[in-house]
Protein chains: 2
Amino acid sequence: MYKAGLFSLILHAIASPSKSNNVFEAFRKYIREKSNVTEEDLVQIEAVCQYKKLRKRQYLLQEGDVWKYNAFIVKGCLRTYTVDDKGNEHILNFATENWWTGDRESLQTGNPSAYNIDALEDAEIILITKTNFDQLCNDIPAFNDMVNAILQRSFIASQSRIHTFLSLSAEEKYQAFLQKYPQLVMRVPQGMIASYLGVTPETLSRVRKQSSKGHRPS
Amino acid sequence: MYKAGLFSLILHAIASPSKSNNVFEAFRKYIREKSNVTEEDLVQIEAVCQYKKLRKRQYLLQEGDVWKYNAFIVKGCLRTYTVDDKGNEHILNFATENWWTGDRESLQTGNPSAYNIDALEDAEIILITKTNFDQLCNDIPAFNDMVNAILQRSFIASQSRIHTFLSLSAEEKYQAFLQKYPQLVMRVPQGMIASYLGVTPETLSRVRKQSSKGHRPS
DNA sequence: CGATTCTTTGAAAACAGTCAATCTGTGTGG
DNA sequence: CCACACAGATTGACTGTTTTCAAAGAATCG
């Protein structure tokens with residue numbers, strides 16, 4: 001882990017004299033691509049951004065806490081999950097670079113969150129408090145539009161995932177996952193993918209064995 | 001079926017000289033409750049509303065068609081579903097009075113829809129074309145806010161449903177459904193609830209039998 | 001290297017799906 | 001009004017998939 005830390009330190013030193021400038025640049029790039037905000041707007045947006053580093057396994061949000069931010073992932077991979085009575089984890093989603101994460105429900109209602117969010121890898125994120133975020137949405141129509149477009153896409157993706165639960169077997173769900181998130185397969189432990197798909201790690205292991213047979217019959 | 005038609009004809013004659021005024025009144029009430037639009041705004045909104053009746057089993061949207069509206073349900077119950085290779089139906093959602101329905105994905109992308117939407121009962125709905133709807137969102141901030149709040153709630157509900165698939169057994173899913181949508185249990189054939197829960201009608205029937213034993217042990 | 005975590009494998013049990021038959025209620029036509 | 005057809009629900013026997021529990025085998029990290 002300190003190996004990675006050293007590496008990124010060097011990178012930062014090369015790329016930019018200031019670590020956080022470098023980080024915000026990724027965020028700026030994202031916003032410019034996704035919306036029509038002006039450079040002035042960007043200044044206003046950055047003014048309310050908080051930068052945060054997470055180490056692998058560190059919580060961003062813990063069940064029972066109230067979530068008060070919107071979180072943009074600059075680097076790393078996070079998961080949102082619950083733990084049931086038997087201690088089984090159920091992963092609601094993964095989030096990597098250029099995704100947003102958080103608990104919309106807790107943010108909206110102010111109730112304690114039912115979810116945990118933690119880092120699967122060392123991560124760097126940008127946090128904006130709800131208050132500031134709402135302000136940005138009010139002040140900058142283009143920002144508001146972007147936010148709604150993201151929500152819209154999230155909803156559509158969510159519906160599509162529900163459909164996989166309704167209609168696909170364990171194997172088919174895994175194949176669909178491979179298609180949709182090939183990058184994640186490399187980054188995320190298999191057992192967590194199983195949890196995301198709603199099957200046990202053992203089942204996913206067997207499913208993989210089966211389908212590798214099928215694809216290479218010799 | 002013509003019995004119901006006659007009945008509602010009489011009701012309309014009593015309640016209002018104009019059938020569609022009566023219908024729009026329900027819509028107006030909804031909008032007033034959910035947003036801060038002015039009465040002027042309401043006039044603008046109603047100006048682009050289309051009224052439509054659906055008979056039981058009639059399609060609102062058929063797989064392969066492009067969806068171009070937002071649909072508000074004044075009366076009746078609709079379902080969104082797909083049919084797989086084996087002819088099995090998979091119900092993504094039900095929608096009743098004061099809900100919106102449609103296919104956001106097709107609406108957004110302009111691609112043919114993967115879903116079917118049809119009426120489980122005779123229904124009355126209000127349609128607003130995407131173009132007009134977007135215009136309303138632009139012209140009336142309060143309307144835009146309402147729409148986003150609805151989307152937000154839909155997303156949260158959607159996440160919650162995903163969680164049920166990840167963590168609950170057939171019986172638990174059914175119990176959760178009873179809790180969340182007691183009205184629907186009365187209105188929707190049991191086999192369709194099974195389809196919504198992602199189990200077969202036979203399994204749901206057995207699950208019900210089991211849990212009725214459990215609750216009344218004598 | 002040693003410890004931990006993750007994955008694989010096996011055997012048995014629980015769970016849900018399939019297919020086919022029967023039962024129930026509803027509405028239709030004779 | 002009755003007999004019938006039809007759709008939906010239930011039941012039974014069987015099959016297949018997935019889970020569970022336990023153990024052994026990789027892989028990873030400090």
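This is a predicted model: local features need pLDDT of at least 70, side-chain atom pairs count only at pLDDT 80 or more; totals for chains, interfaces and linings use all residues.
I started with strand 3 of chain B, residues 69-75, and found it mostly covered: 6 of its 7 residues are buried. Strands are DSSP runs of E with at least two residues, helices are runs of H or I with at least four, and both are numbered from the N terminus.

Residues are numbered from 1 along each chain as its sequence is written, and chains are lettered from A and ligands numbered from 1 in the order in which they are written.

**Partners of strand 3, chain B**

I looked up what strand 3 of chain B pairs with; two strands pair if DSSP finds at least two bridges between them. Strand 8 of chain B (residues 123-129) runs antiparallel to strand 3 and is joined to it by 6 bridges. In that strand 8, Ile125(B) stands opposite Ile73(B). Strand 6 of chain B (residues 100-101) is also antiparallel to strand 3, with 2 bridges, and there Thr101(B) is the bridge partner of Ala71(B). Reminder: strands of a sheet pair through backbone hydrogen bonds, either parallel or antiparallel.

**Over in chain A**

In chain A I found an open antiparallel sheet of 4 strands, in the order 1-8-3-6. Its edges are strand 1 (50-54) and strand 6 (100-101), each pairing on one side only. Strand 3 of chain A is joined to strand 6 of chain A by 2 bridges, and Ala71(A) has Thr101(A) as its bridge partner. Helix 5 of chain A (residues 130-139) lies across strand 3 and strand 8 of chain A, at about 70° to strand 8. That angle is between N-to-C directions, on a scale from 0 to 180 degrees, with axes fitted to C-alpha atoms (for helices, over the stretch in contact).

**Another sheet in chain B**

I then followed an open antiparallel sheet in chain B, 4 strands in the order 2-7-4-5. Strand 2 (59-61) and strand 5 (89-95) of chain B are its edges, and neighbouring strands are turned by 30° against each other on average, direction ignored. Tyr81(B) has Asn116(B) in strand 7 as its bridge partner. Two helices lie across strand 4 and strand 5 of chain B: helix 6 of chain A, at about 135° to strand 5, and helix 9 of chain B, at about 100° to strand 5.

**Where the chains touch**

Contact means C-beta atoms, placed from the backbone, within 7 Å. Chain A and chain B each bring 22 residues to theirs. On the chain A side, helix 6 gives the most, with 14 residues.

**The DNA**

Near means that a residue's C-beta atom, placed from the backbone, lies within 6 Å of the strand. Around DNA strand C I found 15 residues, with Gln190(A), Gly191(A), Ser205(A), Ala170(B) and Thr203(B) coming nearest. Helix 10 of chain A supplies the largest share of that surface, 6 residues. Around DNA strand D there are 16 residues, and the nearest are Ala170(A), Thr203(A), Gln190(B), Gly191(B) and Ser205(B). Here helix 10 of chain B gives the most, with 6 residues.

How values were computed
A residue is buried if 20 or more other C-beta atoms lie within 10 Å of its own, exposed if 12 or fewer, and partly exposed in between; C-beta atoms are placed from the backbone.
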